[in-house]
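Me: I've got a model open and would like to learn how to read a few of its features. Can we go through them one by one?

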Amino acid sequence: WMNEEFCRKPNGEKIEPNSREKYNLYEMTYEEISTFDCGKNGNANFPQQKAMSVKKPLLSEVFRKIESFTRSNNLKPVVYVIEIKSEIQDDTIFQPAPDEFVNLVCKVIAEYNVMERCILQSFDVRILQELHINYSQTRIAFLVENNESLQTNLRSLGFVPPIYSPEFILANQELMTQLQQLDIQFVPWTVNEIKDMKQMIELGATGIITDYPNHAAELIRQL
């Protein structure tokens with residue numbers, strides 16, 4: 001739904017608090033969605049973010065613009081990390097059912113021939129199971145925010161994913177040892193402080209999910 005903290009109505013007015021049912025993206029056409037501005041007024045939670053007038057883009061638009069930009073500037077192809085946000089209580093209310101949701105996302109990925117450069121991640125094991133069964137060529141990342149053991153979470157998932165992505169505060173050497181034994185890559189989220197980034201790199205992170213990629217990139221250049 002439209003976030004009242006930074007999105008504005010087509011007429012520029014603020015969105016009313018607690019109005020997710022009224023501005024439910026799943027029930028809106030893209031023509032309607034594209035009339036809302038979600039960047040002009042900035043985001044108070046991220047003061048370094050540049051305020052600019054932007055709409056919520058379609059996934060196809062993201063692919064089209066990035067692929068064009070990298071080609072025209074002779075840059076290396078981008079690896080896309082795409083989170084499919086899904087919760088069981090929101091099925092067919094705020095999102096499609098898992099099978100339809102996965103099919104819709106993968107159809108767009110296939111259209112732009114970037115499947116081999118995509119990592120698909122989710123907290124919802126149903127989404128990951130659909131990907132594992134029907135799109136086995138995808139790289140899957142299991143997002144985790146609970147305190148259960150690695151073994152318990154993998155049993156819930158039903159298979160061993162290529163990437164395990166816990167909240168960074170859940171990471172420790174014991175977890176790293178277990179992941180290495182299973183040949184699973186470790187990509188923690190959301191790591192915003194430089195000291196925490198350093199700690200995750202020292203622990204053995206393959207990658208880092210962060211709201212501040214500029215800080216992460218600078219830190220990596222210094223290593």
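This is a predicted model: local features need pLDDT of at least 70, side-chain atom pairs count only at pLDDT 80 or more; totals for chains, interfaces and linings use all residues.

Me: Which residues does Thr138 touch, not counting residues up to four places away in sequence?

Reply: Contact means heavy atoms within 4.5 Å. By that rule, Thr138 touches Met115, Leu120 and Leu131. Residues are numbered from 1 along each chain as its sequence is written, and side-chain values use heavy atoms, with hydrogens and water left out.

Me: Is Thr138 buried or exposed?

Reply: Buried means under 20% relative accessible area, exposed over 50%, partly exposed in between (1.4 Å probe, protein chains only). Thr138 sits at 6% relative accessibility, so it counts as buried. You'll find Thr138 in the loop between helix H4 (125–134) and strand E3 (139–144); helices (H or I, at least four residues) and strands (E, at least two) are DSSP runs, numbered from the N terminus.

Me: What does the side chain of Thr138 reach at 2.7 Å?

Reply: The backbone oxygen of Tyr135.

Me: On to cysteines: how many disulfides does the structure hold?

Reply: A disulfide is a pair of cysteine sulfur atoms within 2.5 Å. The structure holds 1, and it joins Cys7 to Cys38, with S to S at 2.1 Å. Cys7 lies in the segment before helix H1 (30–33) and Cys38 in the loop between H1 and helix H2 (59–72), so the pair ties together parts 31 residues apart in sequence. The torsion about the S-S bond of Cys7 and Cys38 is about 110°, so this disulfide is right-handed. Cys7 is buried at 0% relative accessibility, and Cys38 is buried at 13%.

Me: Last one: how much space lies in the second largest pocket?

Reply: Rolling a probe the size of a water molecule over the atoms shows where empty space is left. Here, about 200 Å³ lies in the second largest pocket. Of the 14 residues that line this pocket, the closest to its centre are Glu148, Ser149, Leu150, Leu170 and Leu175. A pocket is an open set of points on a 1 Å grid over the protein atoms alone, where a 1.4 Å probe fits, with protein on both sides within 12 Å along at least five of seven lines; lining residues have an atom within 4 Å of a point.

Notes: Grid points are joined across faces, edges and corners, and a volume is the space filled by probe spheres set on the points. A polar contact is a pair of N or O atoms within 3.5 Å; within protein, one must be able to donate a hydrogen and the other to accept it, and residues adjacent in sequence count only if both atoms are side-chain atoms.
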